[in-house]
Amino acid sequence: ELAGRRQAAFREVNEQIAKLTESLASTSHRLFVCECADTDCAESLEITEAEYESVRADSARFVIVQGHELPEVEHVVAANDRFLVVEKVGSAAEVAIGHGRAS
């Protein structure tokens, strides 16, 4: 549950970044914060607005730095050389989806 709450909070940060930079072309890479569950993580990743919006279409999915996935609460659904997309499972998914509806 804590992991889901943390990731939902970082998703909100990234949504604010997207709003502040929406005048840039959607194909331009921007820096977003890693949405992993590690409370000590302060890493960033490069992602386009279109890529981020695609991930955000599903409230249970998050963008994270490679190697930050937690197999016990999420599984990797997409990967490239810049980031991973993970999907929460179980109670972590319920928390993430609940926070996604509130935003």
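Leu-45 sits in strand E2; helices (H or I, at least four residues) and strands (E, at least two) are DSSP runs, numbered from the N terminus. What you have here is a predicted model, in which local features need pLDDT of at least 70, side-chain atom pairs count only at pLDDT 80 or more, and totals for chains, interfaces and linings use all residues. Residues are numbered from 1 along each chain as its sequence is written, and side-chain values use heavy atoms, with hydrogens and water left out.

Back to Leu-45: it counts as buried because its relative accessibility is 3% (buried is under 20% relative accessible area, exposed over 50%, partly exposed in between, with a 1.4 Å probe and protein chains only). Beyond its neighbours within four places in sequence, its contacts (heavy atoms within 4.5 Å) include Phe-32, Cys-34, Val-63 and Phe-83.

Strand E2 (residues 44–47) has Leu-45 and Ile-47 on a covered face, and Ser-44 and Glu-46 on an uncovered one.

Now the strand pairing, where two strands pair if DSSP finds at least two bridges between them:

| Strands | Sense | Bridges | A bridge pair |
|---|---|---|---|
| E1 and E2 | antiparallel | four | Val-33 and Ser-44 |
| E4 and E5 | antiparallel | five | Val-76 and Val-86 |

A hairpin of four residues connects E4 to E5.

In the loop between E1 and E2 you'll find Glu-35. So is that residue buried or exposed? Glu-35 counts as buried, since its relative accessibility is 0%. Its side chain makes a polar contact of 2.9 Å with the side chain of Tyr-52 (N or O atoms within 3.5 Å; within protein, one must be able to donate a hydrogen and the other to accept it, and residues adjacent in sequence count only if both atoms are side-chain atoms). The Glu-35 side chain also reaches the backbone nitrogen of Val-63, at 3.0 Å.

Tyr-52 turns up again in the aromatic tally. Rings of Phe, Tyr and Trp (its six-membered ring) pair if their centres lie within 6.5 Å; planes under 30 degrees apart are stacked, over 60 edge-to-face and the rest tilted. That rule gives one aromatic pair. The ring centres of Phe-32 and Tyr-52 are 4.8 Å apart and the planes are at 20 degrees, so this pair is stacked. It links distant parts of the chain, Phe-32 being in strand E1 (residues 30–33) and Tyr-52 in helix H2 (residues 49–56), 20 residues apart. Both Phe-32 and Tyr-52 are buried.
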